[in-house]
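Q: I have a model open and want to learn to read its features one by one. Can we go through them together?

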Amino acid sequence: MRNVLVTGASGLIGKAVCEGLLSHNTAVVGTDNSPCDIEDQNFKFIRADITNKDTIERIITENKVDALVHLACTVDNDFPDVLTSDQEKDSAAVDKYLYKFAVAENLKDIIMMSTHQVYAPQKTREPIREISLEKPISIYGKIKLDSEKALKSALKKGGTQGVVMRTCPIYTKDFTDNLKSKVYDEKEGCAYVYGYGDYGYSFTCVYNIVDFVVGILGQKNAINYEGIYNVCDSKPILAKEIVDYLREAHKLGAVIEKNYGSENVKSVFGILPGKAAKSEYRFNDISIACSNISYDNTKAQRISSFRWKLSNTK
């Protein structure tokens, strides 16, 4: 039986990953600075802050951990929606010790959660692949790209295999904040779509993350699976689909139709303040919506099926 440490175990993503691993005959040690209510004979929870180097290192050593799933220091699981320099410092402090120690302890696997925001703004409608240019414009994108680089550096000195999950904003049946942010204007207090809402956004159902993590940790020793993966739903979700879904769940009121053409929308976006785009995780970049940017998860589909989508999420 594998013995896996999951950081950020009390968060939405962390709890789902812990439960998924436990259902696949895996012993899980979870850590977070908030309580966790999972009850399972193969689950051990230790309350601790991820920035506490000595405590986290002791957890890895004393529990004979052989794999690390690092979900702490991520939005939707740990960080707030608006990021500050304090979050940057916390993440950098964690990166400085965590990966190096895990490699020194000969862990077989390290899986870290990154973000689609590490990619440079796209100028075409070609799907974004793992080899696409990296140039984050947001604080969160920079935080996670720096974390990816720290992992890559640590992996040079051991036999540990490292996997980076570049995920799009997540959702479940009950957690719809990221979905709503694409069709709701907080200032106006109502939902909106451009035209008929035939433009889409890429998201990641939490359970596709769970399946991917389980798949990676189930790989045979002889297989080299190290690298970067786009872990996201196979198809973008259209704005009109989001509206219909939220309406059905009684989470959305009136919806107004805006008749701007895509080029007009882009020009409007160009005069929006840059501070929000850099610091607010859920800032809606309208130019991306009009371009229907998507992320190619073909590589990740070698590990799991990505069976979850808006119509069957739980």
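## Reading the model

A: Start with D32, which is found in strand β2 (residues 27-32). Helices (H or I, at least four residues) and strands (E, at least two) are DSSP runs, numbered from the N terminus. This is a predicted model, where local features need pLDDT of at least 70, side-chain atom pairs count only at pLDDT 80 or more, and totals for chains, interfaces and linings use all residues. Residues are numbered from 1 along each chain as its sequence is written, and side-chain values use heavy atoms, with hydrogens and water left out.

Q: Is D32 buried or exposed?

A: Buried means under 20% relative accessible area, exposed over 50%, and partly exposed in between (1.4 Å probe, protein chains only). D32 has a relative accessible area of 7%, so D32 is buried.

Q: Which residues is D32 in contact with, leaving aside its neighbours within four places in sequence?

A: Contact means heavy atoms within 4.5 Å. With those neighbours left aside, D32 is in contact with G8, A9, S10, G11, F45, I46, R47 and A48. Sequence distance is another thing to read. D32 and D78 are 46 residues apart along the chain, and their C-alpha atoms are separated by 8.9 Å.

Q: A9 is on that list. Where is the place of A9?

A: A9 sits in the loop between β1 and α1. Its relative accessible area is 0%, so A9 is buried. Not counting residues up to four places away in sequence, A9 touches G14, K15, C18, G30, T31, D32, C36 and F45.

Q: How many residues does the largest nonpolar core have?

A: First the general idea. In soluble globular proteins, nonpolar side chains tend to be buried together. A nonpolar core is a set of buried Ala, Val, Leu, Ile, Met, Phe, Trp, Tyr and Cys residues joined through side-chain atoms within 4.5 Å. Here the largest such core has 57 residues, and V6, V17 and F212 have the most contacts inside it. Helix α6 (residues 206-217) gives this core its largest share, 9 residues. Another core, of 31 residues, lies apart from it; I50, I56, Y99 and F101 are among its members.

Q: What is V6 in contact with, beyond its neighbours within four places in sequence?

A: The contacts of V6 are G14, V17, C18, L21, V28, V29, G30, T31, V69 and L71.

Q: Which residues of helix α2 are buried?

A: In α2 (residues 53-62), the buried residues are T55, I56, E57, I59 and I60. They pack against β1 (3-7), β2, β3 (43-47) and α3 (85-104). Check the backbone too: just after α2, K64 takes a positive phi of about 50 degrees.

Q: Where is N25, and what is its phi?

A: N25 is in the loop between α1 (12-22) and β2. Its phi is near 55 degrees, a positive value in a residue other than glycine. N25 has a relative accessible area of 52%, so N25 is exposed. H250 also has a positive phi, near 60 degrees. H250 is found in the loop between α7 (239-248) and β14 (255-258), and at 73% relative accessibility H250 counts as exposed.

Q: What is in the loop between β5 and α4?

A: Two residues to look up are H116 and S132, both placed in that loop, between β5 (109-115) and α4 (139-154). H116 is buried, with a relative accessible area of 15%. Residues up to four places away aside, H116 touches R166, T167, C168, P169 and Y295. S132 counts as buried, at 18% relative accessibility. The C-alpha atoms of S132 and Y119, 13 residues apart along the chain, are separated by 6.9 Å.

Q: How many helices and strands are there in the protein?

A: The protein has 10 helices and 14 strands. Its radius of gyration (taken over C-alpha atoms) is 20 Å. The globule rule (2.2 Å times the number of residues to the power 0.38) gives 20 Å for 314 residues, so the protein is as compact as a globular protein of that length. Of the 314 residues, 54% count as buried.
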